Amino acid sequence: MLRVVIVEDEYIVRYGIRSMIDWEKVGLAVIGEASNGQEALELIVQEPPDILITDIKMPVMDGLALIAEVRKFSPHMKILILSNLEDFQYAKEAIRYGVSEYLIKSDMMPRDFEEALMKVKEAIEEASSISGEKRSATYGTYGKRKAAAGSGSRLSDRCRECTKCG
């Protein structure tokens, strides 16, 4: 199951995001929530998710600053922005940071949100299978077993993340 973190300063909106999707049914698990970018960054450093869902305008640290920080240590994390802002400048910044999806909250229907999540999930799974194929072609079956055996608790979270990416 892929891990998701939701970052949104308005509790009712966070609740709506959580309630909009049957997370388990679609193969995702919400592992944490934060009400601003700083809280989210602390959470993400401790337990990096596969998918980050964030608002842009938040107190303490906004979503774009959060994304910039996350990109420093996790350039391949998939990121979805849910925002009320239709400002092209924000969209341009999001593209610069390699955001996977930019959805406008007021226009978004549950089906749209689920489709965006499924698209991102498929991209992660595809990248993961390609990474596994490359590792298998390079190291053969023994290397694959050795890589799997090496993913135990002795590795740091960052090392485990790197071995996942290939």
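Colleague: Which residue is the bridge partner of I53 in strand 4?

Modeller: This is a predicted model. In it, I53 has L80 as its bridge partner in strand 4. Strand 3 (residues 51-54) and strand 4 (residues 78-83) run parallel and share 4 bridges.

Colleague: What is the strand order of the open sheet?

Modeller: The 5 strands follow the order 2-1-3-4-5, with parallel pairing. Strand 2 (28-34) and strand 5 (101-104) each have a single partner strand, so one side of each lacks a neighbour in the sheet. On average, neighbouring strands are turned by 20° against each other, direction ignored.

Colleague: Which strands does helix 2 lie across?

Modeller: Helix 2 (residues 37-46) lies across strand 1 (2-7), strand 2 and strand 3. Its angle to strand 2 is about 130°.

Colleague: How many salt bridges does a search of the whole structure find?

Modeller: The search finds 10. Take D50 and R3, whose side chains meet at 3.8 Å, N to O. D50 sits in the loop between helix 2 and strand 3, R3 in strand 1, and they are 47 residues apart.

Colleague: Is D50 buried or exposed?

Modeller: Buried means under 20% relative accessible area. D50 has 14%, so D50 is buried. R3, at 24%, counts as partly exposed.

Colleague: Which residue forms a salt bridge with E33 at 3.2 Å?

Modeller: That is R14. E33 lies in strand 2 and R14 in helix 1 (residues 11-20), so the pair ties together parts 19 residues apart in sequence. R14 is buried at 11%, while E33 is partly exposed at 31%. E33 also meets R18 in a salt bridge, at 2.5 Å, N to O. R18 is in helix 1, 15 residues from E33.

Key: Residues numbered from 1 in each chain as written. Predicted model: local features only at pLDDT ≥ 70, side-chain atom pairs only at ≥ 80, totals over all residues. Heavy atoms only, no water. Pairing = 2+ DSSP bridges. Helix = DSSP H or I, 4+ residues; strand = E, 2+ residues; numbered from the N terminus. Axes fitted to C-alpha atoms, helices over the stretch in contact; angles between N-to-C directions. Contact = heavy atoms within 4.5 Å. Salt bridge = Lys/Arg side-chain N within 4 Å of Asp/Glu carboxyl O. Buried < 20%, exposed > 50% of the residue type's maximum accessible area, 1.4 Å probe, protein only.
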